[in-house]
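Notebook open, viewer open. I'm jotting down what I looked up, entry by entry.

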Amino acid sequence: MTTADELLGRLAGLDKDALAKVLAHRPDVLAEPWPRRLDVVAARLASAESVDSALLALPMPLVQVVRAVQLCYAIGRRPAPVAEVARLLGTGAGVVESSVDELAERALLWREEDGVKLPELLHRTGFGAEGLGQPVANLLGELGTSRLAKLSRALGLPDTARKPELLRELAAFYRDGDKVRELFATAPGQTRKLLEDMADGVPEVEGLAPAGWAFDHGFLFGTYFGTVTMPMEVSLALRGPDHQLPFTPEEPEYAVTHTGAEAAEATSSAAALRLLDRVSAILDLAAAEPLPLLKDGTIGTRLVKKLAKDTGGTPAEIELAIDLAAQAGLLLADEPPPPRRGQKAPAPTLATDPDLARPEPALLYRLLLTTWWDPAPPEFETDVDALVRRLLVRLLARLAPGDAVTDVDALIRLAEWHAPMLPTDDVAGHVRAALDEGELLGVVAHGAVTEAGRALLSPERLVEVTGELVSRARTTALFGTDLTAIVPGSPDARLAALLDRVADREAQGTATSWRFSPASVRRAFDQGATTAGLLGELRAVAAGDLPQPLVYLVNDVARRHGEAQVIGVASVIVGEPAVLAELAAHRKLAKLGLRAVAPTVLTSTVDAVGTLEALRQAGYAPTHHAADGSIVLPARDQSEPTVAVRDPEPGELPPDPAGHAERLLAAPASGPVLLRGQLARAMSDRYAGRLTPKQRQLCWQLEAGLPVDIAYRGEHLVIAYPELDGDVLDVWSLGERTYRRLELARIELAQASTAVSLA
């Protein structure tokens, strides 16, 4: 009987609450498409990927109980007696039974009348972590009958010529610790010292001198790799009957500090809004000009420093902002085509998607949060960073709001106790990175988890919490007569974008300040602003009237803006005769090779961009026009966005284990298996035996688990995972994300398959 068959029988005997606990502990089995029946649940629970995922989530004592049960199985104690497991761990039977019940809720093992049952997938033959070698049965199985008989005689066991009986008698001898210790006492002194050293935790070595007696009596065996190993049973016997495996049922102690919920939420809001501001600024810069990457497609230090300077952020904020924006699909990598022979390959870039509408601030923040919390998993490896993030938030969320664990070392020890199976040697580094990123995102503040962090554990509250957090951002600024604007607290994304467009950011902290200058105001006009429009936008965000000096500055820059026009013909300058005469005589502009071709026209030997820059450096305020006279804005021309980011629909939230448990228990435990060619034969009846080769191919694709296009009663569907039930085809509809029962007589097979990933 397979593990899946055993699990199916046990799952069928559970009530709704017990089954819901299993599904809650193993949420991966509820991945789409939802399991139709308990047999599918059992198969998923028995898969290696699901078991590995469940083991990663086990705390230290449950891992240690599993290891003790595995050790019992390795030495032939199957099922593992609860008393023996308790003895190995040095604890009471009640503690073991409680731990086994918790593991049974995860479908990793279960308790029977005669002991603890371990699924075949969790059987182990290597116990290097415990300092033990291979089970003696594995080593004996590699020997021939004559060698087994000789060893049996040396041990004084009954003589027999049958190998199965020899193996059984020898295994029983080595599993009897008293007999092994009694025989050990007769070994030569040097041999005893050698064996004791190996039993203490070095079960396999290279090269031995005083070991003849040990080989003759099966205390040591040679391996295929030329080493010498001690059987697990011998090591355990020589360690003595009082030897115990490590068992730490109590989690490490940690001090709780009350930082105050209000202080934590204020810090969280400021950090979240600051990062939101950074992401918005980076998206604006990437929309104007793609961000250059290194040749290997990674983000370079130079780019991070430049963006930090341009946006007023820290390198850590910029790196996180770019990473999350790219993972969320807000920034797209543009891989350049291969260069021609003799040409240098251009570097890849990051740019915004012109078809994607910019999410409003609260939605953008939710997108960043959920991307950080549940990123796309890497191929062929475990995302330790994501596991540690979720673990830390769950651990801190056990505390009351405003309570914190400020001792990072204590948090590291706590994480190691709660997730000892993490595949990394640097848990401390992952914990510190998760805390730093959590602080930048507003998920953690001063060692306390915030409302934003708690909402990640309760997705139904995420919209409400993030909406309230973003609403705390300042939407107005204080404008001073010294041409400054100050925002006490955190500005919202739109306010920060407006002020960044027309002023230079100077300081940031509890308050953020900007300074207006002729160059900064001209920058706004260069991007298409008008005098009335710009003053109107500034008045809309002013906490009072705009100071006269700022109004004068805007009007003065507007009056001078366009006093000379640079036309990209290679290039031509158009303006008033007096201004052009001044330009032609300007010594700093001699490099442009200006020449008058008309009272209001100058030509330049430098292109429009270079001429524009030279005029600005000389103190003029030209504008850039196309050949048809229209003004050229610095941002790239973009079509109207056609794609919008949205919040998940209710059906797209994490599945409800209780609801699925009720549905699964109401359905039959097992169902029909679709055999190869069965669907094609059934569909051939639908088409009077005249399936085209393409239609047969689509039937085979469905049977192989690949999605296909069909038409059904005027609907277009993409379906997969079929089950044939008489004249009805039960399928998973990818677009609707649910199962449908389709009448074979009404299915129209399309003539082209659909490339849809089922990952």
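Entry: I started at R741, which counts as partly exposed at 48% relative accessibility. For the record, buried means under 20% relative accessible area, exposed over 50%, and partly exposed in between, with a 1.4 Å probe and protein chains only. This is a predicted model, where local features need pLDDT of at least 70 and side-chain atom pairs count only at pLDDT 80 or more, while totals for chains, interfaces and linings use all residues. Residues are numbered from 1 along each chain as its sequence is written, and side-chain values use heavy atoms, with hydrogens and water left out.

Which residue forms a salt bridge with R741? I found D730, with the closest N and O atoms 3.8 Å apart. The rule is a side-chain nitrogen of Lys or Arg within 4 Å of a carboxyl oxygen of Asp or Glu. The pair links distant parts of the chain, 11 residues apart: D730 sits in strand β26 (residues 728-733) and R741 in strand β27. Helices (H or I, at least four residues) and strands (E, at least two) are DSSP runs, numbered from the N terminus. D730 is buried, because its relative accessible area is 12%.

**Entry: other salt bridges.** By this rule I get a count of 39 salt bridges. I looked at E743 and R713, whose side chains meet at 3.0 Å, N to O. They are 30 residues apart and link distant parts of the chain, with E743 in strand β27 (residues 738-743) and R713 in the loop between β24 (708-712) and β25 (715-725). E743 is partly exposed at 34%, whereas R713 counts as exposed at 52%.

Next I checked E506 and R515, a salt bridge at 2.8 Å, N to O. E506 is partly exposed at 47% relative accessibility, and R515 is partly exposed at 34%.

**Entry: a helix pair.** How do helix α11 and helix α14 pack? I read an angle of about 80° between α11 (residues 177-184) and α14 (residues 232-239), with the axes 9 Å apart. So α11 is roughly perpendicular to α14, a label that covers 65 to 115 degrees (under 35 is roughly parallel, over 145 roughly antiparallel, the rest oblique). The axes are lines fitted to C-alpha atoms, for helices over the stretch in contact, and angles run from 0 to 180 degrees between N-to-C directions.

On the α11 side I listed G177, V180, R181 and F184, which meet V234, A237 and L238 in α14. Contact here means heavy atoms within 4.5 Å. The residues of this contact divide into 5 nonpolar, 1 polar and 1 charged. In that scheme Ala, Val, Leu, Ile, Met, Phe, Trp, Tyr, Cys and Pro are nonpolar, Asp, Glu, Lys and Arg charged, and the others, Gly among them, polar.

**Entry: two single residues.** Is Q64 buried or exposed? Q64 counts as buried, because its relative accessibility is 7%. Q64 is in helix α5 (residues 60-74) and touches L89, P246, F247 and T248, not counting residues up to four places away in sequence.

R153, in helix α9 (residues 145-154), is exposed at 51%. I also noted R153 and H217: 64 residues apart in sequence, 9.4 Å apart in space, C-alpha to C-alpha.
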